[in-house]
Amino acid sequence: MKVFIVAGEASGDRLGAALMDGLRALRPETRFHGVGGAEMTRRGLNSLFPMSELSVMGLAEVLPRYRHLRRRMIQTADAVLDVDPDVLITVDSPDFCLRVASRVRARRRLRTVHYVAPSVWAWRPKRAQRMAPFVDQVLALLPFEPPYMEAAGMRCDFVGHPVATERRPEPAAIRAFRSEVAGEDGPLLLALPGSRLSELRRLAPVFGAALQRLAGRHPGLRVVLPVAPGMVTDVRGLTADWRVRPVILDPARPGAARRKRLAFHAADAALAASGTVSLELAAADTPMVVAYDMNWLSWQIMRRMVRIDTVTLVNLIEGRHVVPEFLGPACRPDPIAAALDGVLADPSRQRPALARTMRALGRGGGAPGLRAAHAVLNGLGAG
């Protein structure tokens, strides 16, 4: 079986890699072509071009690179037609991936599966109807998404979110990590200002100022900051003037992935940019505050388009604001520090909601990558 699979950012790369594992477990002869990052490459994918070229977020940030992104989209669609796979699987990054799928469908009828339902429940609700003519099946991470896709005429399978199946590290390892980076005094906070350089540049000054204010109330405060690949030099520069100097976890060091997981579980609380990282924190049972800002033009456009009043998935699944959020103009040091102080004073307040979120996302069920593979094969009439 031939599969053409396209991912456009790090989270999609992880999902694509797990799906590749699942398909190989069920169909060992499967051959893969497409675009992916480090995780998919480790599974044997020879990426058509570096996936990092597609990792752009924000309307104002995309515009200067539009022509280049369009060339890559055309190149990818042409490669799909050359390979002529049994199925085209696009993973997240809908602005790029769905354009690829649409261009392919205009020239040839190939079964197309999109992994990660676009958040039509949040904004741009007509995307489901617009993608239905060229997408046959959607694999959903969130349990409330299938009805939105099915109403538009697509098959949709809830396959669970990978974060819900992650195993908790051994308690002794968590204690050892905490002792190493924070000692015994004061709280340990996880700082997660994003994985894109544009996010880091915008959020690092705000996060640093908020942590400085928080340290005034918690003199023994220690901060750990995991870093995305290729970002260590930038992060060191952007945090050089932080009064609370973070312990930077370099992803290039041996055991980096394990140390990052230990940090998530060892922390008393976290300050995080919005995104799927909030689910990683929920899986680790770590209470959080979410803060995010963006280019002024992007914010003005986005706030007029969104249909929800929260960007944190824990809040969405709970149906109420359990996790404090500070978005756009509200992303300022003083209120963020006050919210973090409140979380540290009563960390157990969020934890029942975090546990319910994980159960809703499939904790206790099968591995999402394997469930996704079964759904793909079933859709092909082969599973």
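Biologist: Leaving aside its neighbours within four places in sequence, which residues is leucine 19 in contact with?
Modeller: Keep in mind that this is a predicted model. In it, leucine 19 is in contact with Ile5, Ile89, Tyr115, Gly369, Ala372, Ala373 and Val376, leaving aside neighbours within four places in sequence.

Biologist: And in the largest nonpolar core, which residues touch the most other members?
Modeller: Leu19 is one of them, along with Ile5, Leu23, Ile89, Tyr115 and Leu190. That core has 96 residues.

Biologist: Which helix gives this core its largest share?
Modeller: Helix H4, residues 66–83, with 8 residues. Apart from this core lies another one of 35 residues, and Leu200, Val244, Leu271 and Ala339 are among them.

Biologist: What is threonine 76 in contact with, beyond neighbours within four places in sequence?
Modeller: Its contacts there are Phe4, Val6, Val35, Leu48, Phe49, Phe96 and Val100.

Biologist: In which sense do E4 and E5 pair, and over how many bridges?
Modeller: Strand E4, residues 112–115, pairs with E5 in the parallel sense over 3 bridges. Histidine 114 stands opposite valine 138 in E5.

Biologist: How many bridges are there between E5 and E6?
Modeller: There are 4, and this pairing is in the parallel sense too, with E6 being residues 155–158. Alanine 140 has phenylalanine 158 in E6 as its bridge partner.

Biologist: Through which helix does the chain cross from E5 to E6?
Modeller: Through H7, residues 146–151, in a right-handed β-α-β crossover.

Biologist: Last one, H15. Which of its residues are buried?
Modeller: Pro333, Ile336, Ala337, Ala339, Leu340, Val343 and Leu344 are buried in H15. They cover an arc of only 165° around the axis, so they sit on the same side of H15.

Biologist: What covers them?
Modeller: The cover includes helix H9 (197–217) and strands E7 (188–192), E10 (269–272), E11 (288–292) and E12 (325–327).

Biologist: And how far apart are the end C-alpha atoms of H15?
Modeller: They are 18 Å apart, which agrees with the 18 Å that its 13 residues, 333–345, should span at 1.5 Å a residue.

Methods. Residues are numbered from 1 along each chain as its sequence is written. This is a predicted model: local features need pLDDT of at least 70, side-chain atom pairs count only at pLDDT 80 or more; totals for chains, interfaces and linings use all residues. Side-chain values use heavy atoms; hydrogens and water are left out. Helices (H or I, at least four residues) and strands (E, at least two) are DSSP runs, numbered from the N terminus. The expected span of a helix is 1.5 Å times one less than its number of residues. Buried means under 20% relative accessible area, exposed over 50%, partly exposed in between (1.4 Å probe, protein chains only). The arc is that of the directions from the helix axis to the C-beta atoms. Contact means heavy atoms within 4.5 Å. A nonpolar core is a set of buried Ala, Val, Leu, Ile, Met, Phe, Trp, Tyr and Cys residues joined through side-chain atoms within 4.5 Å. Two strands pair if DSSP finds at least two bridges between them. A crossover is right-handed if, with the strands pointing away from the viewer, the path from the first strand over the helix to the second runs clockwise.
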